[in-house]
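Open the model in your viewer and keep the selection panel at hand. We will go from element to element.

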Amino acid sequence: METQDQSQSAAASNHQTGQSDAQPPAADQLVQDAGQSFLNPGMSLPPQHSIPVLGNGLPVFPNQDDTFATIQQPVFNNGAFANPAVMIPPNQQMMGLNGSAIPQPTSTNGNGLSADDIALYDRQLRLWGMEAQQKIQSAHIVLITMKALANEIAKNLVLAGIGSLTVVDDQLVTEADLGSQFFLSEENIGQNRAEAAVRRIQRLNPRVKVIADSGSIMTKGASFFGNFDIVIATDVSPTLLTFINTATRLHNRQFYAAGTYGFYGYIFCDLIEHDYVLQRDKPNVPTTIGPETRTRSIIKVENQKEGGKTIEKVQKRELYSTWDLASETSQLPPEYNKSKRRLKAVTPALSCLRALWAFQQVHDNRLPDHNKQDLEAFTRSATQHHQFLSLPADTLRSEFLRSFLQNVGGEIAPVTAILGGQLAQDVINVRGQRQQPIQNMVVFDGERMEAEMYPLHPEGNIGRAQLELSLPPNPMMPLGQVDAAQMLPMDQSAMLMGTGM
């Protein structure tokens, strides 16, 4: 069966947005209407002290490892992952989804899976195969901030059988944490949140090395992130996300960011340049090497015989942008502007998220409070971002602004389960390199029950060429000149086609 490319939408919707004859409300009216039922969104975040910047707005650090020191301040996934408590006899022959036998490797020295591993991961081996599982088991991942969303991510990744998971969180467990986190209990109140959660995470899968780091992520040097294959930051400020992404780019590491605000949330990923292979029956029309979209291109096509059929293997490459560019200055792809219906279907949560991130950056990383000044600043910012994205003004209404602001600061378990599961699944797809990954922003709208994907990229260079833009130029070059030949390698083409092509 042909493997289909991932669609622009992460969750297809049959909702038809009707035309409205009403005039779009003015920004002043939105402020007045939204203020009628604006609630307290939650606790403020630690204040951010000043950071020197260049004329282009990029941060300047004295050296690589001062990047962050500069800032002051057990549910199984619907059967997709194996339950470690359920094992099949090691000598039982495994059958794939197509009815063919899955060969069992004899090596147990890191070049293959042991019989116990095959028994433990039986169901997921049938889904994504032996080679992908080996890549998953070699992955070393760091997860920053252990709140409800990170609980879901950790659960799914550990059950999938990654190599190691390091949890970084310097906060203490509070009573509020117990309402949305299933790795904590009353006896953990007052303990470090990472250390308390790791004890129960480890029980999910003893084969995965789970490590607690109770230090502050803001004291880590950029080299810290070079120790991991994938960096996942959840529920942290946009300013901190910018610094983490700068460090992952410097060390050529894949980066995910995610957060939830009640019924709303997002996933962002910067994989820099990511290669993957789609396998399908050879079509009648030859596959052409070259660009498919601005971010995706076909770089290699190979054919091989399997069971009397000709199988085509298509290697594709996706290019990505950094967090600061995608979250602030990037517009929707040009094809959106060609369709009024498509623009009208874009969730206003995208504009509100950008307004929230902008508010945090100019207000010491705190969330909007329940006062008229904050309400006006947020509403005007949301309106400006809505206009910048060329979205119809009548899709951003005071009712939606009220709903969004009332949800800021909250954690809702079903929402964290949806986004946490989607992020973890994408990490698995990226490691296996057999599926198209997220490109590059997913926005979850709980009112519509949709998780739409929007490729947000600035004009100009994207992918690895964007690295030069994310680092300050000479003579104030705190992170050091980076030669592409000296960058830490990412497992890409060498892991894809392989000797089996």
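Predicted model: local features only at pLDDT ≥ 70, side-chain atom pairs only at ≥ 80, totals over all residues.

Residues are numbered from 1 along each chain as its sequence is written, and side-chain values use heavy atoms, without hydrogens and water.

**The sheet.** Select the eight strands in the order β3-β2-β1-β4-β5-β6-β11-β12. They form an open sheet with mixed pairing. Strands are DSSP runs of E, at least two residues; helices are runs of H or I, at least four; both are numbered from the N terminus. Strands pair if DSSP finds at least two bridges between them. Now go to the edges: β3 (209-213) and β12 (450-454) each have a single partner strand, so one side of each is left without a neighbour in the sheet. The twist averages 15° from one strand to the next; axes are lines fitted to C-alpha atoms, for helices over the stretch in contact, and angles run from 0 to 180 degrees between N-to-C directions.

Next, select β6 (264-270) and β11 (441-445). They run antiparallel, joined by five bridges. Phe-268 has Met-441 of β11 as its bridge partner.

**A helix across it.** Show α12 (398-407). This helix lies across β5, β6 and β11, at about 75° to β6.

Select Phe-404. Its contacts (heavy atoms within 4.5 Å) include Tyr-264, Cys-352 and Phe-378, not counting residues up to four places away in sequence.
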